Amino acid sequence: MPTAVRNIVVLTGAGISAESGLDTFRGPGGLWEGHRVEDICTPEALARNRPLVLDFYDQRRAALGGVKPNAAHEALARLDREWAGDLLIVTQNVDDLHERAGAKRLLHMHGELMSALCEGCGGRASFGGAMLDGPDCAVCGESGGVRPDIVFFGEMPYEMDRIEAALAEADLFVSIGTSGAVYPAAGYVQMARHFGAETLELNLEPSAGSYNFDESRMGPASVLVPAWVD
Ligand code: BV8
């Protein structure tokens, strides 16, 4: 790691969890292949076919019990424990593998499988069951309004101000395991460059935004991330 670096922002996507056994979105056998995005990851889809959307996320929530963090998650957690400068891990992922590896300086910009959002009171609460069972909101107690705490297409990602403030101070921006297909996350490399950060991409294959990076290393995250951190 260059010694001049003080403040780091790391962006992760589905590729960092692929070697843990969680499908990516746009790869072969990806999650969306069974569904058109419009049919599953939009407010309109939730309104049109609530059971289908609740079941899709119930299945993904249940699958978390069968997977564990891989060497890439563990390396980032090590960096989190040891790094004296600022660090923010911004994940697009909704799995809990970063937390289970021990990461603390972390935020989920697209929500979390292990959280429920109430359409009635807007309250968010940790949730590990099945929404098809029609749970009551843990915050307001009302039933019928509990939905996945997931940022659907067309909805505002979480903590964008915090992310942009971290990018403004970053000396290094590292993107790991993301195709660069979804905004605003896909635009963060340009924002980081604008503020003068060095930019590094660690990915299995070139992403849509590879040309924006000072350096792109191709390979599996479980190899590239520990090599970068250590
Ligand atoms: C919003 C929910 C604004 C959770 C998801 C321009 C600017 C702003 C917005 C837009 C814009 N243009 C279009 C938009 C709208 C839209 C958008 O970006 N559309 C795209 C399709 C063009 N964006 C939005 O709607 C966002 N909201 O902008 O709101 C706003 C403003 C005001 C008021 C209201 C609203 C919301 C986007 C969030 C949508 N929700 N998911 C879930 O179900 O999981 S997005 C979904 O895609 C996931 O969150 C996922 O994380 C994300 C990105 O996918 P990746 O993580 O990159 O996964 P992918 O499979 O694509 O790629 C995996 C990569 O890993 C590959 O490159 C592969 O090579 C690599 N890989 C594989 N194996 C490995 C590996 N790498 C390393 N090692 C390996 N072993």
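1. Between domain 1 and domain 2 of this predicted model, 5 residue pairs are in polar contact, counting pairs with both residues at pLDDT 80 or more. Salt bridges across the interface of domain 1 and domain 2 number 0.

2. On the side of domain 1 that touches domain 2, helices α1 (15-18) and α6 (97-101) each supply at least two residues. Sorted by class, that side of domain 1 has 7 nonpolar, 6 polar and 4 charged residues.

3. In the contact, 17 residues come from domain 1 and 14 residues from domain 2.

4. How much area do domain 1 and domain 2 bury between them? The figure is about 1100 Å², with 55% of it on carbon and sulfur atoms. Of the area that domain 1 buries against domain 2, 44% is supplied by Ala14, Val94 and Tyr158, more than by any other three residues.

5. On confidence, the protein chain has an average pLDDT of 95, and 97% of the residues score at least 70. Which elements have the lowest and the highest mean pLDDT? Helix α2 (residues 37-40) is the lowest, at 80, and strand β2 (residues 87-91) the highest, at 99. For the complex, the predictor gives an ipTM of 0.94 and a pTM of 0.96.

Conventions. Residues are numbered from 1 along each chain as its sequence is written. This is a predicted model: local features need pLDDT of at least 70, side-chain atom pairs count only at pLDDT 80 or more; totals for chains, interfaces and linings use all residues. Side-chain values use heavy atoms; hydrogens and water are left out. Contact means heavy atoms within 4.5 Å. Buried area is the accessible area (1.4 Å probe) that two parts lose on being put together, summed over both. A salt bridge is a side-chain nitrogen of Lys or Arg within 4 Å of a carboxyl oxygen of Asp or Glu. A polar contact is a pair of N or O atoms within 3.5 Å; within protein, one must be able to donate a hydrogen and the other to accept it, and residues adjacent in sequence count only if both atoms are side-chain atoms. Helices (H or I, at least four residues) and strands (E, at least two) are DSSP runs, numbered from the N terminus. Ala, Val, Leu, Ile, Met, Phe, Trp, Tyr, Cys and Pro count as nonpolar, Asp, Glu, Lys and Arg as charged, and the others, Gly among them, as polar. pLDDT is the predictor's confidence in each residue, from 0 to 100.
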